[in-house]
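Subject: Structure for you to look at, with notes

Dear colleague,

I am passing on the structure we spoke about, followed by my notes on what was found in it. Please read the notes with the structure open beside them.

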There are 2 protein chains.
Amino acid sequence: MNVTTAAKRRRNSTTRETPVPSGSVRAPTRERVEAAVQRLGYEADATARALASRRSHTIGAIVPTLDDAIFAAGIEGLQRALAGEGYTLLIASHEYDLDQELAQARTLLGRGIDGLFLIGKDHHPELRARTRARGAPTVLGWTLSADEPSIGFDNARAAASLADYLWSIGHRRIGMIAGPTAENDRARERLEGVRAALARRGVALDPRAVVERAYGLEEGREGMRALMALEDRPTAVACGKDVLAFGALFEAASLGLDVPGDVSIAGFDDLPLAAQIGPGLTTVGVPASLIGARAAEHLIRRIAGETVATATEVPTRLIVRGSTAPPRARGSGE
Amino acid sequence: MNVTTAAKRRRNSTTRETPVPSGSVRAPTRERVEAAVQRLGYEADATARALASRRSHTIGAIVPTLDDAIFAAGIEGLQRALAGEGYTLLIASHEYDLDQELAQARTLLGRGIDGLFLIGKDHHPELRARTRARGAPTVLGWTLSADEPSIGFDNARAAASLADYLWSIGHRRIGMIAGPTAENDRARERLEGVRAALARRGVALDPRAVVERAYGLEEGREGMRALMALEDRPTAVACGKDVLAFGALFEAASLGLDVPGDVSIAGFDDLPLAAQIGPGLTTVGVPASLIGARAAEHLIRRIAGETVATATEVPTRLIVRGSTAPPRARGSGE
DNA sequence: TTGTAAGCGTTATCAA
DNA sequence: TTGATAACGCTTACAA
């Protein structure tokens with residue numbers, strides 16, 4: 001039971017594209033159609049449209065987790081930009097498990113998504129072949145890649161800038177609470193960035209002063225506890241993510257340590273809380289929502305057949321707040 | 001160019017349903033099919049399947065925002081449960097704007113979603129008719145409704161329990177930083193819950209001691225500043241959400257006020273941070289992820305034609321921490 | 001500019 | 001149990 005041919009010409013009013021090449025239909029006809037649309041409350045069936053046009057107007061996004069405010073913000077930005085262009089967002093998360101990420105990708109690809117947004121460059125080896133086979137443009141967020149379209153920043157360099165800053169204010173014994181580096185290029189690069197920056201200064205990142213913890217407040221506390229238990233405890237602790245740094249901050253308080261007096265703490269992300277909390281968290285600002293918005297643009301343009309820049313860099317910046325300060329003069333304190 | 005008829009019988013291997021009624025095909029035939037599937041790397045086209053079966057195996061969810069950790073957690077729970085059942089999640093947000101929510105709903109409905117998850121009971125009047133017309137089962141999260149399927153809790157009662165507690169430890173001058181009550185039944189009910197609880201005790205909620213602020217840390221600070229500027233300042237401040245309470249906590253610190261010594265502060269949500277921060281935030285625990293998981297179950301069962309409970313209540317509980325204590329004896333202090 | 005018909009890749013129905 | 005054949009509601013190409 002089809003709607004009148006006329007009505008069929010009109011499409012979903014919430015989207016912005018012209019259903020029919022403008023000018024290919026005369027005003028009176030168009031009006032007649034619009035009237036029918038109104039009267040019948042007609043809404044095009046996107047399902048049929050997708051099958052026939054081989055375009056679903058749906059983008060897929062797979063993130064490690066939505067429980068991390070930084071990814072939630074990225075998805076929020078992506079969704080908003082997509083909605084503005086008549087696209088819809090299919091979302092999935094994998095809890096930092098690349099096998100699961102692949103499974104999710106297969107499902108989304110099977111759903112006919114027109115494009116895919118992924119976080120970072122570590123993925124299941126089969127993933128790339130899958131997206132290629134489906135012909136769905138893919139873009140990696142939160143990273144910059146030489147051989148795959150990406151929108152993000154250089155994690156190593158950003159982390160290095162943090163280490164450089166800590167070095168510049170006098171820290172020599174620096175520790176790090178890194179995120180899980182296995183299957184996570186961002187965590188790995190941030191750790192390596194800190195290591196490299198210190199190495200360039202002639203300071204080594206003591207392996208014992210590096211702990212790896214899952215992202216979480218509790219884990220941050222734990223990591224901090226471990227570092228503070230070291231005999232030669234670091235005077236500054238760089239964290240792979242703000243949540244880890246918040247945990248470290250709380251643990252320092254529990255331990256009766258003054259921040260930044262006894263120990264400096266720095267994070268990565270600049271969550272809204274970073275500016276409000278305790279001494280104010282020194283961190284690296286990541287424009288999560290912008291990454292999402294740029295990813296939307298990027299994908300939509302590629303879907304339209306346009307050529308776009310392979311790597312789009314978004315700005316990150318070191319934000320110095322009260323949680324970091326020069327270390328106590330050697331010998332004094334403690 | 002179709003795949004062999006045999007292969008066509010087999011469906012996406014990542015989902016769990018039986019493509020063909022078990023037993024309706026003999027083992028040898030089935031094996032022949034599976035072999036073909038493997039060889040060709042066949043993956044059913046969900047788009048065509050959706051058109052033909054009128055079932056997309058996709059659920060839509062529209063939340064106010066993903067930038068609020070509590071909703072992000074709910075969506076995470078929903079997504080996880082859905083994925084386990086072979087369903088996929090289409091998501092949208094509306095920034096607390098019901099017109100936008102309706103627009104998003106129309107788009108998702110047009111996409112052929114099999115079910116819809118919405119937050120609260122305040123919606124655009126047209127929304128209900130739309131979902132009904134499409135025949136898509138809808139469930140409201142974060143609330144309990146008498147006439148619409150819902151999964152959540154009684155916001156008024158939960159807020160009242162918080163007020164009762166504040167009253168029980170001696171507070172009589174209680175203030176509130178509520179969320180925007182327009183178009184938001186949860187914010188409204190929480191405010192009314194506090195008001196009613198105090199009224200039952202013979203204490204009135206002074207209108208001047210009630211400020212309404214958008215959900216955000218900065219807004220919480222502002223609200224707290226306003227309340228503390230009152231000549232007869234409240235001895236306890238109930239907040240409509242944890243983020244507001246965190247802001248209030250930070251502002252109290254800026255103001256040089258001791259919490260809970262000078263003023264008690266309570267929140268609503270029990271975000272992970274509540275247990276870690278400053279004095280520990282007294283709050284109402286909301287099982288966000290559970291709401292999402294239950295919503296997934298609920299929708300899937302209704303889609304399958306099963307009859308399910310109209311209202312499913314999830315437990316909330318008052319969590320008392322260090323941010324609340326009996327008020328200073330009248331006359332002392334200040 | 002408008003109308004018509006042939007797919008799009010499944011599901012569903014009905015014969016065989 | 002298997003095979004064939006309509007839908008499903010659009011888009012697209014082509015004819016009028």
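How many helices and strands make up the secondary structure of chain A? Before the answer, please keep in mind that this is a predicted model. The secondary structure of chain A comes to twelve helices and twelve strands, and its C-alpha atoms fill a box of roughly 90 × 40 × 30 Å along the principal axes. Of the 334 residues in chain A, 51% count as buried, and among its contacts between residues at least 6 apart in sequence, 70% join residues at least 24 apart.

As to how the two chains are arranged, chain B is superposed on chain A by a rotation of 180° with 0.1 Å of shift along the axis, at an RMSD of 0.2 Å. The two copies are thus related as by a two-fold rotation axis. Within chain B, the residue that comes closest to this axis is Leu90(B), whose C-alpha lies at 2.2 Å.

Turning to the interface, 41 residues of chain B are in contact with 41 residues of chain A. On the chain B side, the elements that give two or more residues are helices H3 (46-53), H4 (69-84), H5 (98-110) and H11 (272-276), together with strand E2 (88-93), and the largest share, seven residues, comes from H4(B). By class, this side of chain B has 21 nonpolar, 14 polar and six charged residues. Because 100% of the interface residues of chain B are also interface residues in chain A, the copies meet through the same surface.

The strands also link the chains: E2 of chain A (residues 88-93) and E2(B) pair in the antiparallel sense over three bridges, and in E2(B) the bridge partner of Ile91(A) is Leu89(B). This pairing belongs to an open sheet of twelve strands with mixed pairing, in the order E11(A)-E5(A)-E4(A)-E3(A)-E1(A)-E2(A)-E2(B)-E1(B)-E3(B)-E4(B)-E5(B)-E11(B). At the edges stand E11 (311-313) of chain A and E11 (311-313) of chain B, each with a single partner strand, so one side of each is left without a neighbour in the sheet. Neighbouring strands of the sheet are turned by 20° against each other on average, direction ignored. Further along in chain B, strands E4 (residues 138-141) and E5 (residues 150-152) pair in the parallel sense over two bridges, with Leu140(B) standing opposite Ser150(B) in E5(B).

With best regards

Conventions
Residues numbered from 1 in each chain as written. Chains lettered and ligands numbered in written order. Predicted model: local features only at pLDDT ≥ 70, side-chain atom pairs only at ≥ 80, totals over all residues. Contact = placed C-beta atoms within 7 Å. Helix = DSSP H or I, 4+ residues; strand = E, 2+ residues; numbered from the N terminus. Nonpolar A, V, L, I, M, F, W, Y, C, P; charged D, E, K, R; others polar. Pairing = 2+ DSSP bridges. Least-squares fit on C-alpha atoms with pLDDT ≥ 70 in both. Buried ≥ 20, exposed ≤ 12 C-beta atoms within 10 Å, placed from the backbone. Axes fitted to C-alpha atoms, helices over the stretch in contact; angles between N-to-C directions.
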